[in-house]
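Thanks for coming. I will go through one model this morning, starting with its sheet and ending with the overall numbers. Here it is.

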Amino acid sequence: MITSDELKKQAALAALEKVEPGMKLGLGSGSTANHFIRGLGALVRDGLSVVGVPSSERTAALAREVGVPLTTLEETPRLDLTIDGADELDSRLRLIKGGGGALLREKIVAAASGQMIVIADGTKLVETLGAFPLPIEVNHFGIGATIAAIAVAAVRLDQPVTLTRRLTAEGTPFVTDGGHAIIDASFGRIRDPEALSLALVAIPGVVEHGLFIGLASAAVIARPEGISWLVA
Ligand code: 5RP
């Protein structure tokens, strides 16, 4: 039986076909994005000329290891294409991201790109977003007040939620590359992703959240029966 990791690799390799010489690329984070970066590294070793902006320290380390030249958004503020995984996506290409805690840089990189292609195995495509807990990146200062404000925003949207502060495997508070905390918000089913997004960004302690709306232009979905493309 084909594993979910093999399907992630198939999606990543299919997206590689959209990479053209000279492109400035946003490099996503996570196991699916890692397959893309390894594939890109092989093409670079064969002579492809591209540069990438990594969306996490882990991605930067892998890109260096496999020989993908890196730049920054200071040097290169506009990118051609970002390729990244997702924790969930719906048929309108609305995403939940941040399972790996890289959502802030992932969103900055995606927003700086002309196109974003999502790479995923078929289990990530859902009818309604929210079975995967929504990661919300928050400032450490005032974290109790921020958590309370998120709960109030959910009540106003008639949206039941359970909020959990993310911990590392060792049980210490998880800290993002930007030095912030993550609150995982379990909604079960997000009734109105656009309204939730607006309500969350209006809370001062919220740095960013993992709903990516209007950013992805296409998605490659790999299932055991084959690859399919979703286009916005
Ligand atoms: C990291 C992310 C990842 O793209 C998301 O968690 C999917 O991960 P994977 O490809 O390992 O399933 O948003 O912040």
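Helices (H or I, at least four residues) and strands (E, at least two) are DSSP runs, numbered from the N terminus, and two strands pair if DSSP finds at least two bridges between them. This is a predicted model, in which local features need pLDDT of at least 70 and side-chain atom pairs count only at pLDDT 80 or more, while totals for chains, interfaces and linings use all residues. Residues are numbered from 1 along each chain as its sequence is written, and side-chain values use heavy atoms, with hydrogens and water left out.

In that scheme the protein has 6 helices and 13 strands. Take the open sheet of 6 strands, with the order E2-E1-E3-E6-E12-E13 and mixed pairing.

Helix H1 (residues 4-16) lies across strand E3 (79-84), E6, E12 and E13, and runs at about 155° to E6. Contact means heavy atoms within 4.5 Å.

Now helix H3 (residues 57-66). Which of its residues are buried? They are Thr59, Ala60, Leu62, Ala63 and Val66, where buried means under 20% relative accessible area, exposed over 50%, and partly exposed in between (1.4 Å probe, protein chains only). These residues sit on the same side of H3 because they cover an arc of only 165° around the axis, the arc being that of the directions from the helix axis to the C-beta atoms. They pack against strand E1 (24-27), helix H2 (31-45) and E2. The face turned away from the buried side of H3 carries exposed Arg58, Arg64 and Glu65. After H3 comes glycine 67, with a positive phi near 90°.

Last, the overall numbers. Buried residues make up 50% of the 232 residues. The radius of gyration, taken over C-alpha atoms, is 17 Å, which agrees with the value near 17 Å for a compact globule of 232 residues, by the rule of 2.2 Å times the number of residues to the power 0.38. The C-alpha atoms fill a box of roughly 55 × 40 × 35 Å along the principal axes.

Definitions and conventions:
Axes fitted to C-alpha atoms, helices over the stretch in contact; angles between N-to-C directions.
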